[in-house]
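Welcome, and please open the model in your viewer. We will go from one selection to the next and look at what is there.

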Amino acid sequence: MAEELNEEFTEGLLLRPLPDRRVLAHFHFQSSVPPTRTYGRHHHLFPKSIYQLINKFRVREMELSFTQGRWNYEHWGGYDPISSSNAKPPGVELWADFDVSLDQVDASWKNLTHALSGLFCASINFLEHSTSYSAPQWSFRSFAGKLRYGTLPREAVCTENLTPWLKLLPCRDKAGLSALMDRPSIYRGYYHSQRLHLTSDEFDTAKSNSGIMLEQTLTVVLQPNTLGDRAMVSGKTLQPSWSLSSLFGRKVHGKCSVSKSSNVYVQFEPNLVSELKEVWESVESESGILIHDAFWNNPIFEISASPDRVVKEVGNLQKEVSSILYEFLVEDYNDSKPFDLGLRWKLPVVWSCKQAPLHASRFLMGSGNERGAIAISLRSSSNNNTQRVGCSEKGSQLRIDIFQVVPWYVKVYYHTLKVFIDGELQSTMENIEKMHLSPSEDKVSPGVMEMKLRLPCSVKTAVLTLEFDKGFLHIDEYPPDANQGFDIPSAVVSFTGFQASIGFEDNFLNKLPILNELQERKHVISYTEVLLVPLTTPDFSMPYNVITITCTVFALYFGSLLNALRRRVGEEERLLKSKAAKKRGPLSSMLSKLSAKLKGSPLEPSPTPSTSPSFINYKLIVKVILVAGMAAGGQYYFR
């Protein structure tokens, strides 16, 4: 019975107001189980399908994400743990590291994609082909060549993917914080990303007995429902008020019964805290109101419930500006007393999120269906002072890792790489510290570029350009919507010298997984846009026209031929006699019979067209020859 307690499940929810009048909701669920060698194969909380998947394909670490929309780095932030780990590219992203020999990695990857495709009702099996995935060496992750990475930018995300994801939770969406996941509320948000990350040391006895850990996160950016026009105070727009019932259409009726902890946090980021202090000073109030016992009911904002704990960030370089979390325990609520947390603003507040050292974007250059160029742009934002803080240690150098995968039909010429810094062309050898290139091979593998860029800290803009030619596909390789274009997956830009984390003052908070995620030091990562490349497409209506004309000619040919061959001469003569008898009428028939009796001669049949067998055979042969000649001429002409 003591071993069952080692299997743990926790749940948490982080809410954060955003500068553009939206709200960030970050759900975090974590399931852990001890190693099989000490705990056994029978589990009570951990999902069986994930355990079987790990042992079947010997997965050491894996991450799978389904994303709808694109993370807005300028308004929602790019220098915090949430954006670094949960801001994902559109569609499906999958990477996995295997504990197998190098010659078995590709086979394990293909089998894994098929298993995940059936488990999550998605088209992940399209990543099985070698043209759809790559093997990064050092830029994306470092796993000694046993890691595979693939994306599906055009994969549509819907409830068919969310439902299997929820089934991995012990309480599913029936109890606890997962009960807030109302499908219409989630999918009408501006951004939605469900992520699954698992780590396992089942096959490495040298490591500590940490077992298997499954982390499930759902990050949603929602627009609060505001009735009527925007409220104005002193000529400024007031931030919209919101609550759990207005965001998700539901309330929380207690925690999941098997959850070890179930907490809800409201986070005010450092720039918002600084702005709140300035607004509070403008209304002549004493300092420190944000950490006062009655801070949730003040002239600036009001929280509907009293928090159980206030957690303040420590270890920030800017001591006057620090993040604050308000903690609410869900276990204190039940059906008779549901939890409906709300935030109401009383005074207008304007702030901006902390940005990454450089804002990364990507676009296409050139025109036509023959050639073009890819440009990766890195520019400094006007209100960003992160560079001065991070560059002082390493001789005024800003180091950036770029990882980019290009499909094989976009033939990139890597020798055309050019680097522009502040609008001036620079030498690539001076600004590129390290680079690994893997050229694409037609219908075999995509092109991979891994680059470690070195830029001066005073840089304002940096642009990298690469020229490419557009290839030709076989007609069977075009998708149904070929005229829409072909996708180039997002590039991954990592700022290796910068790490995003939030430290807290209480040591016991390290035991809470959602706070561990915020305290873990992670590299600042940004994803660029997905590029849409138009390729030369054939006229798909021409095969239809050829098939239609050919079928028409064959129908005329074989129809006439069968009609001529199957016609019988005797039946044709009787048919003509019967038609002639019907045309004569009763009066003429009586007169002909009377005349024949008076003359004493037999009754003669009425004259009919010549129907002799020789004449009919001659006509039949002429018709067959004529139709065959027409068919042969038509075939020769259309060829």
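How many salt bridges does the count come to? The count comes to 28 salt bridges. Keep in mind throughout that this is a predicted model. Side chains of opposite charge can pair when their charged atoms come close. Let us visit some of these pairs.

**Stop 1: K260 and E8**

Select K260 and E8 and show their side chains. They meet in a salt bridge, with 3.1 Å from N to O. Now colour the chain by residue number to see how this pair links distant parts: K260 is in the loop between α8 (244-248) and β12 (262-268), E8 is in strand β1 (residues 8-17), and 252 residues separate them. K260 is exposed, with a relative accessible area of 55%, whereas E8 is partly exposed, at 30%.

**Stop 2**

Next, select D20 and R22. Their closest N and O atoms are 2.7 Å apart, and the two form a salt bridge.

**Stop 2: R148 and D106**

Move on to R148 and D106, another salt bridge, whose closest N and O atoms are 2.9 Å apart. R148 belongs to strand β6 (residues 147-152) and D106 to helix α5 (residues 105-120), so this pair ties together parts that lie 42 residues apart in sequence. R148 is buried, with a relative accessible area of 8%. D106, in contrast, is partly exposed, with a value of 33%.

**Stop 3: a network**

Salt bridges can also be viewed as a group here. Select E63, K88, E93, R195, E215 and E517 together: a network of salt bridges links them.

**Stop 4: the cysteines**

Now show the cysteine side chains. A disulfide is a covalent bond between the sulfur atoms of two cysteines. For this structure the count comes to 1 disulfide. Which residues does the disulfide join? It joins C171 to C256, with 1.8 Å from S to S. The torsion about their S-S bond is about 75°, so the disulfide is right-handed. This pair, too, links distant parts of the chain: C171 is in the loop between α6 (159-166) and α7 (183-187), C256 is in the loop between α8 and β12, and the two are 85 residues apart. Both ends are buried, C171 with a relative accessible area of 14% and C256 with 1%.

C158 counts as partly exposed, at 31% relative accessibility. Another cysteine to click on is C551, which is also partly exposed, at 49%.

**Stop 5: the aromatic rings**

Switch to the rings of Phe, Tyr and Trp. A search of the whole structure finds 24 aromatic pairs. Start with Y478 and F540, which form an edge-to-face pair, 5.8 Å centre to centre and with 80° between the planes. Y478 is in the loop between β24 (461-470) and β25 (486-488), while F540 is in the loop between β29 (531-533) and α13 (541-566), so the pair ties together parts that are 62 residues apart in sequence. Y478 counts as buried, at 10% relative accessibility, and F540 as partly exposed, at 36%.

For another geometry, select F554 and F558. Their rings are stacked, 5.8 Å centre to centre, with 15° between the planes. Look along helix α13 to find both of them: they are 4 residues apart, about one turn of the helix. F554 is partly exposed, at 38% relative accessibility, and so is F558, at 40%.

Which residues form one aromatic cluster? Select F9, F27, F29, W165 and F248 to see it.

**Last stop: K434 and W138**

Finish with K434 and W138. Here the charged end of K434 sits over the ring of W138, 4.6 Å from the ring's centre.

Methods. Residues numbered from 1 in each chain as written. Predicted model: local features only at pLDDT ≥ 70, side-chain atom pairs only at ≥ 80, totals over all residues. Heavy atoms only, no water. Salt bridge = Lys/Arg side-chain N within 4 Å of Asp/Glu carboxyl O. Buried < 20%, exposed > 50% of the residue type's maximum accessible area, 1.4 Å probe, protein only. Disulfide = S-S within 2.5 Å. Phe/Tyr/Trp six-rings, centres within 6.5 Å; stacked < 30°, edge-to-face > 60°. Lys NZ or Arg CZ within 6 Å of the ring centre and 35° of its normal.
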